[in-house]
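The tour goes from one selection to the next.

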Amino acid sequence: LKLINALGINIDIDLIYGEINIYEDMFNNVINGDVLLTDSNNLFNTLNMHGNEFISISFNTPGLKRYQKVFRIYKVSDYSLRGTSNAKFKIHFCSEEFLLNQQYYISKSFRETRLSDVVKIISRNYLRIPVSKLTDQDIEESTVLLNPEKNPLIVPNMKPFEAINWISAFALSRADQSPGVFFFETING
């Protein structure tokens with residue numbers, strides 16, 4: 001477990017964390033989490049955290065390959081001072097795509113393509129998700145083919161995840177024509 005400050009300096013926090021939580025679910029587009037730290041070296045003030053920090057997490061779980069990912073720190077909360085030199089605080093982190101999602105709006109018309117292709121375009125061009133993290137096999141091809149004369153898809157000034165979730169509501173599975181398509185991140189991608 002390492003903090004990476006805005007200057008790129010790695011600070012090992014393996015010995016001062018008390019709890020780590022990583023959350024992934026189908027209704028949240030990205031992985032997020034928090035780390036509870038107990039600090040007696042004034043790390044909180046030394047870091048001078050201002051929103052350009054990262055946290056690198058690496059761990060093993062039985063039966064699975066080693067998990068390693070760098071997350072973006074977006075908030076520090078629950079700061080409390082115990083005694084004169086022992087501080088306790090929580091660092092909240094999320095995948096980089098969440099912050100990229102907050103920076104862009106999409107107003108675009110999509111024609112002659114499948115809804116699944118629109119999701120690929122949004123995820124790669126706006127959220128900058130690399131093909132290695134989101135392969136073509138990870139996105140189930142939808143049956144709905146947009147027709148430029150009858151039904152072009154117009155995304156009306158939405159954030160990327162908002163647009164993807166909206167598009168997912170129209171998508172039907174190619175395998176069994178069922179609705180219920182979700183776009184979410186797991187520890188595998």
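Start with Asp117. At 26% relative accessibility, Asp117 counts as partly exposed (buried means under 20% relative accessible area, exposed over 50%, partly exposed in between; 1.4 Å probe, protein chains only). Asp117 is found in helix α3 (helices are DSSP runs of H or I with at least four residues, strands are runs of E with at least two, both numbered from the N terminus).

A note on the source: this is a predicted model, in which local features need pLDDT of at least 70 and side-chain atom pairs count only at pLDDT 80 or more, while totals for chains, interfaces and linings use all residues. Residues are numbered from 1 along each chain as its sequence is written, and side-chain values use heavy atoms, with hydrogens and water left out.

**Next: Lys120.** Keep Asp117 shown. Asp117 forms a salt bridge with Lys120, with 3.8 Å between the closest N and O atoms (a salt bridge is a side-chain nitrogen of Lys or Arg within 4 Å of a carboxyl oxygen of Asp or Glu). Both residues lie in helix α3, 3 residues apart, about one turn of the helix. Lys120 is buried, with a relative accessible area of 17%.

**Then: Ile139.** Draw a distance from Asp117 to Ile139. Their C-alpha atoms are separated by 8.7 Å. Along the chain, the two are 22 residues apart.

**Move to Lys133.** Which residue forms a salt bridge with Lys133 at 3.1 Å? Select Glu97: its closest O atom and the N atom of Lys133 are 3.1 Å apart. This pair links distant parts of the chain, 36 residues apart. Lys133 sits in the loop between α3 (115–125) and β9 (153–158), and Glu97 in helix α2 (residues 96–103). Glu97 is buried, at 8% relative accessible area.

Glu185 lies in the segment after α4 (160–168) and Lys133 in the loop between α3 and β9, so the pair ties together parts that are 52 residues apart in sequence. Glu185 is buried, with a relative accessible area of 7%.

Shared partners join Lys69, Glu97, Lys133 and Glu185 into one network of salt bridges. A search of the whole structure finds 6 salt bridges.

**Last stop: the surface.** Select Met26, Phe27, Phe182 and Phe184. They form a nonpolar patch with about 420 Å² of accessible area together. Patches are made of residues with over 30% relative accessible area and no salt bridge; like charges are joined within 9 Å, nonpolar side chains (Val, Leu, Ile, Met, Phe, Trp, Tyr) within 5 Å. Areas come from the Shrake-Rupley method with a 1.4 Å probe, and for residues only the protein chains shown count as cover. Phe182 lies in the segment after α4. At 39% relative accessibility, Phe182 is partly exposed.
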